[in-house]
Amino acid sequence: MADTKNVALSYETIDPDARLMLRVREGEADAFEELVRRYQGRLLTVLENLVGKRELAEDLAQEVFLRVFRARQTYVAEAKFSTWLFTIANNVAKNSHRSRSRRKEVHAANNSASGATNANPLEQMAQAASGLMPTRQLDRVERAEMVRLAMETLNERQRMAVLLSKFEGMSYADIATTMDLSTSAIKSLLTRARTNLKIVLQPYIEQGEGLDEFASDSDESK
């Protein structure tokens, strides 16, 4: 019990967002508005890259903030606020993914006689990239679109780990807490994700299109 209190006191001291959340717990509405202002863009970026649809990402972000608000009275600063927030976001995204997967299964069953292929999406993406060898420098929008398409070839857990690493700059330990996995599992997830991204983005990396950071083995996380 003493350790839990010490951890909570520690995060209350070092994390200004945790202190804001404690003010939300005390009923200060302006503190919640400040947290939403600080995190809505970051949260939306991660969710949009995770689910691939802006409108769905906005719905999920709203659900995340609703859960944060509903949990305010039991909040304890046992981790950085961002870790706690993205843990909720990960759970909301997983629930959404399961719902969409069930709908896809029904759709696939209804179209089983249509002759649809079961080709590996990663292989399809690599073939598409190879067939579109760039002859000029990609502009910023095109690079973002290529990265988005490459990210779609990753499975849900790999994608979330990459997003938290690249966009949020989280450490292995914080990503592990967020995704309820071990630190070693996160390292393995990120290694496999980078390998997959490298296959898809290789033609553009070789052309010096500035996409190597997404497939690099180096990592800022410690």
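Select R37 to start: at 55% relative accessibility, R37 counts as exposed (over 50%; buried is under 20% and partly exposed is in between, with a 1.4 Å probe and protein chains only). A word on what you're looking at: this is a predicted model, where local features need pLDDT of at least 70, side-chain atom pairs count only at pLDDT 80 or more, and totals for chains, interfaces and linings use all residues. Residues are numbered from 1 along each chain as its sequence is written, and side-chain values use heavy atoms, with hydrogens and water left out.

R37 makes a salt bridge with E34, with the closest N and O atoms 2.6 Å apart (a side-chain nitrogen of Lys or Arg within 4 Å of a carboxyl oxygen of Asp or Glu). Both sit in helix α3, three residues apart, about one turn of the helix; helices here are DSSP runs of H or I, at least four residues, numbered from the N terminus. E34 is partly exposed, at 21% relative accessibility.

Next, pick R38. Its side chain meets that of E34 in another salt bridge, 2.8 Å from N to O, and R38 and E34 are four residues apart in helix α3, again about one turn. R38 is partly exposed at 35%.

Last stop: D17. The D17 and R38 side chains form a salt bridge at 2.5 Å, N to O. D17 lies in helix α2 (residues 16–25) and R38 in helix α3 (residues 29–51), so this pair ties together parts 21 residues apart in sequence. D17 is buried, with a relative accessible area of 10%.

Show all four together: shared partners join D17, E34, R37 and R38 into one salt-bridge network. The model's count comes to 11 salt bridges.

Technical notes. Helices (H or I, at least four residues) and strands (E, at least two) are DSSP runs, numbered from the N terminus.
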